[in-house]
Amino acid sequence: MAPIPGSGLAKGLAVTLRTMTKKTVTEQYPDAQPDLPPRTRGVIGLFEENCTVCMLCARECPDWCIYIDSHKETVPPTAPGGRERSRNVLDRFAIDFSLCMYCGICIEVCPFDALFWSPEFEYAETDIRELTHERDKLREWMWTVPAPPALDPGAEEPKEIAAARKSAEKLAAAAQAASEAQAEPEANTGSGTDTGSGTDSRSASATHRKPQEGES
């Protein structure tokens with residue numbers, strides 16, 4: 001059946017009329033801040049204490065927008081006769097957000113959880129050079145990183161928490177066993193002294209008992 005002439009126009013006008021009668025969903029930004037989902041890719045925060053300068057994030061970045069500088073530092077031995085160790089010390093950690101394409105590879109490959117997504121997106125600049133955030137600025141973004149979602153009630157306990165809990169239980173059991181072993185000799189010594197004193201008192205009373213009539 002051939003379409004009726006003007007039916008497409010009528011359908012379009014009907015959609016327009018339905019839309020005009022509905023409440024608008026336009027948010028007047030920046031007066032009204034958007035309600036962003038928790039996994040929004042806004043800006044990257046750096047948790048410097050977890051960074052070991054392994055350079056994985058810089059090597060895997062497809063845009064080469066991560067700049068890292070470091071130096072080695074000698075750590076003295078922790079015990080006498082031990083060997084000195086060397087560790088990497090972070091000097092610079094910067095991300096050029098004018099080059100970043102927000103792929104999230106750097107956050108995924110970080111083995112020590114030093115990089116996190118923050119939903120903050122209001123960091124536009126008039127100078128493109130200001131979009132290179134140094135480690136101090138990246139550290140400030142960590143305060144805007146949302147807390148991780150709660151685990152599913154049926155999920156397995158994280159390996160780190162399980163290992164820490166088992167270690168704590170072993171230490172508590174060892175401490176309890178040591179305290180019980182120390183308490184047993186003290187209890188035995190106290191009971192022996194009481195028994196001896198009782199025997200001596202009974203023997204002393206028997207020795208000094210007044211003889212009855214008919215006894216020699």
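Cys61 counts as buried, at 8% relative accessibility; buried here means under 20% relative accessible area, exposed means over 50%, and partly exposed is in between, using a 1.4 Å probe and protein chains only. This is a predicted model, in which local features need pLDDT of at least 70 and side-chain atom pairs count only at pLDDT 80 or more, while totals for chains, interfaces and linings use all residues. Residues are numbered from 1 along each chain as its sequence is written, and side-chain values use heavy atoms, with hydrogens and water left out.

How many disulfides does the structure hold? The number is zero, where a disulfide is a pair of cysteine sulfur atoms within 2.5 Å. For Cys61, which is in no disulfide, the nearest cysteine sulfur belongs to Cys65 and is 3.6 Å away. Cys110 is in no disulfide either, and its nearest cysteine sulfur, that of Cys54, is 6.0 Å away. Cys110 is buried too, with a relative accessible area of 15%.

## The chain as a whole

The chain has 216 residues, and buried ones make up 19% of them. Its secondary structure comes to five helices and five strands, taken from DSSP runs (H or I of at least four residues for helices, E of at least two for strands) and numbered from the N terminus. Along the sequence, these elements follow the pattern α-β-α-β-β-α-β-β-α-α.

A contact means heavy atoms within 4.5 Å. Among contacts in the chain with a separation of 6 or more, 71% are between residues 24 or more positions apart.

## The nonpolar core

In soluble globular proteins, nonpolar side chains tend to be buried together. A nonpolar core is a set of buried Ala, Val, Leu, Ile, Met, Phe, Trp, Tyr and Cys residues joined through side-chain atoms within 4.5 Å. The largest one here has 26 residues, and those with the most contacts inside it are Ile44, Ile66, Ile68, Phe93, Ile95, Phe97 and Leu115. The elements giving two or more residues to this core are β1 (43–46), α2 (56–60), β2 (66–75), β3 (85–96), α3, β4 and α4 (135–141).

Take Ile95 as an example: beyond residues up to four places away in sequence, Ile95 touches Ile44, Cys65, Ile66, Leu131, Thr132, His133 and Leu138.

Val43 lies in strand β1 and is buried, at 0% relative accessibility. Not counting residues up to four places away in sequence, Val43 touches Phe97, Phe116, Trp117, Ser118, Glu120, Tyr123 and Trp141. Val43 and Val145 are 102 residues apart in sequence, and their C-alpha atoms are 9.3 Å apart in space.

Ser118 sits in strand β4 and is buried as well, with a relative accessible area of 0%. Leaving aside neighbours within four places in sequence, Ser118 is in contact with Thr40, Arg41, Gly42, Val43, Trp141, Thr144 and Val145.

## The largest pocket

The largest pocket has a volume of about 510 Å³. Of the 18 residues that line this pocket, the closest to its centre are Pro38, Arg39, Ile107, Phe116 and Trp117. The elements that give two or more residues to the lining are α3 (105–109) and β4 (115–118), and β4 gives the most, with three residues.

On a 1 Å grid over the protein atoms alone, a pocket is an open set of points where a 1.4 Å probe fits, with protein on both sides within 12 Å along at least five of seven lines, and lining residues have an atom within 4 Å of a point. Grid points are joined across faces, edges and corners, and the volume is the space filled by probe spheres set on the points.
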